[in-house]
Amino acid sequence: MRLLVLGSGAGGGVPQWNCRCSYCTQAREERDLPPSKKVFRHTQASIAIAETEEPWLLVNASPDLCSQFAERAELSPPEGSLRGSPLGAVALTDGQIDHATGLLFLREGAELNLICTDPVWKSLGSTFPIVPVLRHFLPVRRLAYPAELDSLIVEALPLPAGPAPYEAPTNESGHLVALRILGKKSGRRVVYAPGLPGISPEFTDFVAGCDALFVDGTFWSEEELAPMSPERRRSILRSHLPVSGPGGTLAWLSGLPIREKFYIHINNTNPILDPGSSPAKQVSEAGVQIAYDGMALRLYPLRS
Ligand SMILES: [Zn+2]
C-alpha cells in the first residue's frame with residue numbers, strides 16, 4: 001500500500017494569506033527554496049492512498065488540490081492518453097471548506113466518485129452547493145460508508161462534532177468522521193482523523209491494530225485560540241482536541257502500540273511547526289512524527 005501526504009496544514013495552510021505571524025513569515029521566506037528545504041510551508045491537509053497498480057483514493061479535497069496534484073508524478077494522467085487520471089474516488093471526513101472545496105477543481109474529469117456521510121452529502125447539495133455546481137460539468141456518483149474502491153475498503157467512525165458554522169444546528173451524527181482504509185491486497189490498515197474532538201473508547205477500538213495513524217494536530221494548546229471570540233473558540237474546540245496537556249492527544253498517542261503515528265492538519269498557530277521548538281521535540285520524543293507535504297509512506301504486504 002502506498003500513501004502520499006499531499007498537504008499537512010489546517011484550513012488556510014502555512015503561510016495563511018493574511019497572517020504575519022513568525023511561522024507564516026518564515027514560510028513565506030521559503031518561497032524560492034527547493035521543496036525538500038521547505039520546513040514551515042504546509043498546504044491544506046489531504047492524503048492519497050492506493051494499493052500497488054490500483055487507482056488512488058483521495059482523502060479530502062483541499063483548496064490546494066491543483067498544486068498538490070502537480071507536485072506528484074504518481075497522480076499524473078496515465079501515459080498513452082491525452083486526458084485521464086489515476087484518481088478513483090474521493091472520500092471526505094467532513095464537508096467543510098478546507099476539505100471539500102478542491103472537489104470543484106475535479107470538474108474537468110469524466111466522472112466523480114464521492115464517498116461521504118448522509119449529512120455531508122446533504123450539505124454539499126444545499127448550503128455549500130458544490131455537487132449541484134459540479135453536476136453541470138460531470139456526473140457525480142455518491143457512495144456511502146463503508147465503501148470499496150478496487151481492493152481498498154473505506155470505513156467511517158462518526159465523531160461527536162456538530163455541523164459547519166453555516167449549517168442549521170442538528171443532533172444528526174456524521175458531520176465529522178474518522179476514516180479507516182484497509183487494503184485487501186497488502187493487509188495494511190491506515191486511520192485518518194484530521195479532526196478529532198476527543199478520544200473515546202470507540203475511537204481507541206477503531207485505531208487498534210492499524211499500521212499508520214494520522215491524528216488531528218491542529219492546536220498545541222487552547223492558548224492559541226485566545227485572540228478569537230469565545231464563540232469561535234468553543235466551536236473550534238468542539239472539533240479539535242489540542243495536542244498537549246494531560247487530556248491531549250500526545251499523552252494518549254505516546255502509549256499507543258502503533259508503529260507509524262503522525263500529526264497532520266497543523267494550524268499556522270501551532271508551535272510544532274518549528275522543528276527546533278520544545279513542543280516539536282516533545283512530539284518526537286513521544287514517538288510521533290509530524291507529517292509534511294510530499295511525505296510518502298510504503299506499507300509492505302503482511303506476510304501470510
Ligand atoms: Zn500565521
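This is a predicted model: local features need pLDDT of at least 70, side-chain atom pairs count only at pLDDT 80 or more; totals for chains, interfaces and linings use all residues.
H240 sits in the loop between α7 and α8. Residues are numbered from 1 along each chain as its sequence is written, and side-chain values use heavy atoms, with hydrogens and water left out.

Is H240 buried or exposed? H240 is buried, because its relative accessible area is 14%. The scale calls a residue buried under 20% relative accessible area, exposed over 50% and partly exposed in between, using a 1.4 Å probe and protein chains only. The side chain of H240 has two polar contacts to follow: one of 2.6 Å to the side chain of D216, and one of 3.0 Å to the side chain of T218. A polar contact here is a pair of N or O atoms within 3.5 Å; within protein, one must be able to donate a hydrogen and the other to accept it, and residues adjacent in sequence count only if both atoms are side-chain atoms. Leaving aside residues up to four places away in sequence, H240 also touches P194, G195, L196, P197, F219 and H265, among others, with contact meaning heavy atoms within 4.5 Å.

S239 lies in the loop between α7 (230–237) and α8 as well. S239 counts as buried because its relative accessible area is 19%. Among the residues that S239 touches, again not counting those up to four places away in sequence, are A161, L176, G195 and D216.

Now to the nonpolar interior. A nonpolar core is a set of buried Ala, Val, Leu, Ile, Met, Phe, Trp, Tyr and Cys residues joined through side-chain atoms within 4.5 Å. Which residues touch the most other members of the largest core? They are F203, V207, L213 and Y263, out of 34 residues in that core. At least two residues of this core come from each of α1 (22–29), β10 (189–193), α6 (201–207), β11 (212–216) and α8 (249–254). A second, separate core holds 30 residues, including Y145, L149, V177 and I181.

Strand β7 (residues 147–149) pairs with strand β8 (residues 152–158) in the antiparallel sense over three bridges, and E148 faces I153 in β8. Strands are said to pair if DSSP finds at least two bridges between them. β7 and β8 make a hairpin with two residues between them, and D150 in the turn has a positive phi of about 45°. D150 counts as partly exposed, because its relative accessibility is 49%. On through β8, the antiparallel pairing with strand β9 (residues 177–183) runs over seven bridges, with R180 in β9 as the bridge partner of E155.

A few backbone details deserve a look. Most residues other than glycine have a negative phi, and most peptide bonds are trans. E53, which is not a glycine, has a positive phi of about 65°. E53 is in the loop between β2 (46–50) and β3 (56–59) and is exposed, because its relative accessibility is 76%. A cis peptide bond links V14 to P15, with omega about 5°, and P15 belongs to the loop between β1 (2–7) and α1. The bond from Y145 to P146 is cis too, with omega near -5°; P146 is in the loop between β6 (140–143) and β7.

Finally, the zinc ion. Its protein donors are C19 (SG), C21 (SG), C24 (SG) and N268 (ND2), at 2.2 to 2.7 Å, spaced along the chain as C-x1-C-x2-C-x243-N. Donors are N, O and S atoms within 2.8 Å of the metal (3.2 Å for Na, K and Ca); water is not among the atoms, so sites may look incomplete. The angles among the four donor atoms run from 89 to 140°, and the site is irregular. Four donors count as tetrahedral if all angles lie between 85 and 135 degrees; four count as square planar and six as octahedral if opposite donors are over 155 degrees apart and all others between 65 and 115; anything else is irregular. C19 counts as buried because its relative accessibility is 17%, whereas C21 is partly exposed at 25%.

Key. Helices (H or I, at least four residues) and strands (E, at least two) are DSSP runs, numbered from the N terminus.
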